[in-house]
Amino acid sequence: MDHLPAPRPPSVVHLPDGTPAYTDHLPATYQPTTGVPQVVHVHQAPPDRTVQRLALGSGMGAGAVAAGVYFGPLLVGALTAIAANLALLALIASVCAWGVVTVVKSVSDTKAARKRR
């Protein structure tokens, strides 16, 4: 792997029509007008592509990268929904158990009081 160049993050430039674009996705006909780097704000920063580079470098292919990008957040959302449902069910079960214990204690105390009379 020593023969591969180190990945460098793409910078953002503005095309003549005003739309921002990454330098690694520029149209073939576009030539930058100046060599002065432009200011890139945080909300315009290029995304971290480490996972995609690792996946493509290991021969997984673009389909696997696209599946990871799509199903990753979907999996997190599904697991969060499952955890919320389980937490709600645990709360309902504990309230029901508390109610049953309270009723059983009340009934047994009433029976014990009747026997003492």
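1. Let me start with the surface. Leu75, Leu79, Ile82, Leu86, Leu88, Leu89, Leu91, Ile92 and Val95 make a nonpolar surface patch of about 880 Å². Patch residues have over 30% relative accessible area and no salt bridge, and nonpolar side chains (Val, Leu, Ile, Met, Phe, Trp, Tyr) are joined within 5 Å. A salt bridge here is a side-chain nitrogen of Lys or Arg within 4 Å of a carboxyl oxygen of Asp or Glu. One member, Ile92, sits in helix H2 (residues 62-116) and is partly exposed, at a relative accessible area of 45%.

2. A word on the model before going on: it is predicted, with local features needing pLDDT of at least 70 and side-chain atom pairs counting only at pLDDT 80 or more, while totals for chains, interfaces and linings use all residues. Residues are numbered from 1 along each chain as its sequence is written, and side-chain values use heavy atoms, leaving out hydrogens and water.

3. On confidence, pLDDT is the predictor's own score for each residue, from 0 to 100. The protein chain averages 75, and 56% of the residues score at least 70. Helix H2 has the highest confidence, at a mean of 88, and helix H1 (residues 50-57) the lowest, at 62.

4. Two strands and two helices are found in the protein chain, in the order β-β-α-α from the N terminus. These are DSSP runs: helices (H or I) of at least four residues and strands (E) of at least two.

5. How much of the protein chain is buried? Buried residues make up 8% of its 117 residues, where buried means under 20% relative accessible area, exposed over 50%, and partly exposed in between (1.4 Å probe, protein chains only). Ala21, in strand S2 (residues 20-22), counts as buried at 15%. Its C-alpha atom is 8.3 Å from that of Ser11, ten residues apart along the chain.

6. Finally, the aromatics. The structure holds one aromatic pair, formed by Tyr70 and Phe71, which is edge-to-face at 4.9 Å centre to centre and 85 degrees between the planes. Ring centres must lie within 6.5 Å to pair; planes under 30 degrees apart count as stacked, over 60 as edge-to-face and the rest as tilted. Tyr70 is exposed, with a relative accessible area of 54%.

Terms used
Rings of Phe, Tyr and Trp (its six-membered ring) pair if their centres lie within 6.5 Å; planes under 30 degrees apart count as stacked, over 60 as edge-to-face and the rest as tilted. Patches are made of residues with over 30% relative accessible area and no salt bridge: like charges are joined within 9 Å, nonpolar side chains (Val, Leu, Ile, Met, Phe, Trp, Tyr) within 5 Å. Accessible areas come from the Shrake-Rupley method with a 1.4 Å probe; for residues, only the protein chains shown count as cover.
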